[in-house]
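The structure comes first, and the notes follow by topic.

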Amino acid sequence: GSGIELATVNEASLRDTEAVSPAARALSATAPANIEEFHIITIANGVAVGDILIRRNELERLANQASSPAELLRSSEVNPAPASIAQYSDPNYRRFTWNIHPEMQQSLFDPDNPFFVGIGIGAEQSLEIGRGWWLGASESILLWDTFDDIDRESDSVLPHVRSDIARYLKDGKYGFDSLRTSYYFKLGREVYGRGSAGYLEQMFAGAGGEILYRPFRQRWAIGLNLWAVQQRDYNRLFDLIDYQTVTGHATFYYETPWNDISLRFHVGRYLAKDYGYTFEAVRTFRTGVQVGAWFTITNVSAEQFGEGSFDKGIMIRIPMEWALPFGSRSVFDLSLRPIQRDGGQMLRGNTQLYDMTQPSSYGETMRQWDSVFRP
């Protein structure tokens with residue numbers, strides 16, 4: 001007997017095992033009789049993030065209800081993802097992905113008015129121009145909002161890296177959140193890398209990258225990121241303003257054995273040139289909903305920081321597939337903080353590699369196996 005090797009890109013499901021299961025079942029139904037093993041590599045952004053080997057006879061026993069997901073797992077192999085996908089992919093293959101979604105922006109807890117809101121349309125596009133090399137953009141248009149009613153202006157004594165949010169909301173109703181090129185790569189089976197340059201987020205443009213060491217079958221991982229950035233103009237178009245800085249962090253990740261709670265500890269230099277640490281705790285529910293909290297302590301005093309004394313808040317992430325008639329990997333991301341100040345602020349999206357590798361991680365595969373390989 002022999003096997004089939006298949007590389008798959010999961011675009012429709014939150015968890016990569018939800019893509020592996022139908023792929024394995026389709027191979028079982030159509031492959032020649034002499035094929036005994038299915039070797040499935042999962043790919044994200046042009047790099048391998050998962051590697052599962054499933055034995056056909058055990059999959060067929062499961063389909064005939066003569067076995068269980070646990071028995072299928074015992075006979076399968078879940079391995080570290082390959083360092084290179086050259087043998088699994090066509091170097092001339094190009095992918096273009098896009099989506100359009102409802103957009104909601106909000107400014108909360110302003111003492112003058114606790115809730116300002118804007119509703120509109122957002123869109124994202126990504127074009128793969130080489131293996132692991134992408135051009136990406138995201139735009140948003142606000143169709144209705146109450147942001148013109150915001151009267152407060154920032155009184156921050158720190159560089160206004162976030163506290164001018166009202167100006168971005170008022171002046172940037174039609175603009176782009178990002179326009180950048182990114183290159184994803186691997187330095188080994190367990191070491192991931194990413195470099196990005198361009199308009200990185202709503203308020204900052206620049207260049208930098210991150211490295212992630214995520215040992216297989218371990219609950220912990222370590223990441224490093226470093227960025228040189230310049231502040232964007234308030235209209236969210238191409239212009240920049242004078243403020244420049246270098247920001248970066250070392251991050252320790254830990255998936256606890258309790259109640260699907262994960263921890264992140266960042267230490268480094270923030271956008272207002274302050275130094276300190278951020279602690280995050282997030283619980284992930286079976287539905288994919290995440291609820292968490294964070295706080296950041298830096299060398300900015302409570303007096304310099306201003307109202308609130310230090311940065312803290314809660315976050316909620318809700319999978320968009322709940323509201324859509326099809327599978328989607330998009331999430332609605334909401335951060336709630338008492339008031340937006342400038343101390344302890346990180347570049348948005350500075351740590352993407354951990355979230356990119358999470359859907360195919362060993363822990364996530366074990367968590368989801370029983371539900372996606374039901375007989």
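The second largest cavity holds about 30 Å³ of space. On a 1 Å grid over the protein atoms alone, a cavity is a set of points where a 1.4 Å probe fits but cannot get out, and lining residues have an atom within 4 Å of a point. Grid points are joined across faces, edges and corners, and a volume is the space filled by probe spheres set on the points. The model is predicted: local features need pLDDT of at least 70 and side-chain atom pairs count only at pLDDT 80 or more, while totals for chains, interfaces and linings use all residues. Residues are numbered from 1 along each chain as its sequence is written, and side-chain values use heavy atoms, with hydrogens and water left out.

**Cavities**

- Two cavities of 30 Å³ or more are present in the structure.
- The lining of the second largest cavity consists of Phe305, Glu307, Gly308, Phe310, Asp311, Lys312, Pro338 and Ile339.
- By class, that lining has four nonpolar, one polar and three charged residues; Ala, Val, Leu, Ile, Met, Phe, Trp, Tyr, Cys and Pro count as nonpolar, Asp, Glu, Lys and Arg as charged, and the others, Gly among them, as polar.
- The largest cavity has about 40 Å³ of space.
- Asp16, Thr17, Val20, Thr42, Gly50, Asp51, Ile52, Ser360 and Thr365 form the lining of the largest cavity, which divides into two nonpolar, five polar and two charged residues.
- Strand 3 supplies the largest share of the lining of the largest cavity, three residues, and helix 1 also supplies at least two.
- Helices (H or I, at least four residues) and strands (E, at least two) are DSSP runs, numbered from the N terminus.

**Second largest pocket**

- The second largest pocket contains about 440 Å³ of space; a pocket is an open set of points with protein on both sides within 12 Å along at least five of seven lines.
- Its lining counts 31 residues, with Gln218, Ser361, Tyr362, Gly363 and Glu364 nearest the centre.
- Helix 7 (362–372) is among the elements that each supply at least two lining residues, together with strand 3 and strand 4.
- Helix 7 gives the most to this lining, with five residues.
- The pocket lining is made up of 11 nonpolar, 10 polar and 10 charged residues.

- Four strands form an open sheet in the order 1-2-3-4, with mixed pairing; two strands pair if DSSP finds at least two bridges between them.
- Strand 1 (2–9) and strand 4 (77–79) are the edge strands, each pairing on one side only.
- From one strand to the next, the twist averages 20°.
- Eight bridges join strand 2 (residues 35–44) and strand 3 (residues 47–55) in the antiparallel sense.
- Glu37 is placed opposite Arg55 of strand 3.

**Helix packing**

- Helix 1 (residues 17–30) lies across strand 1, strand 2 and strand 3, at about 150° to strand 2; axes are lines fitted to C-alpha atoms, for helices over the stretch in contact, and angles run from 0 to 180 degrees between N-to-C directions.
- Helix 1 packs on helix 2 (residues 56–63) at an angle of about 100°, with the axes 10 Å apart.
- Helix 1 is therefore roughly perpendicular to helix 2, a term for angles of 65 to 115 degrees.
- Ala24, Arg25, Leu27 and Ser28 of helix 1 meet Arg56, Leu59 and Glu60 of helix 2, where contact means heavy atoms within 4.5 Å.
- The residues of this helix contact divide into three nonpolar, one polar and three charged.

Notes
Parallel < 35°, antiparallel > 145°, perpendicular 65-115°, else oblique.
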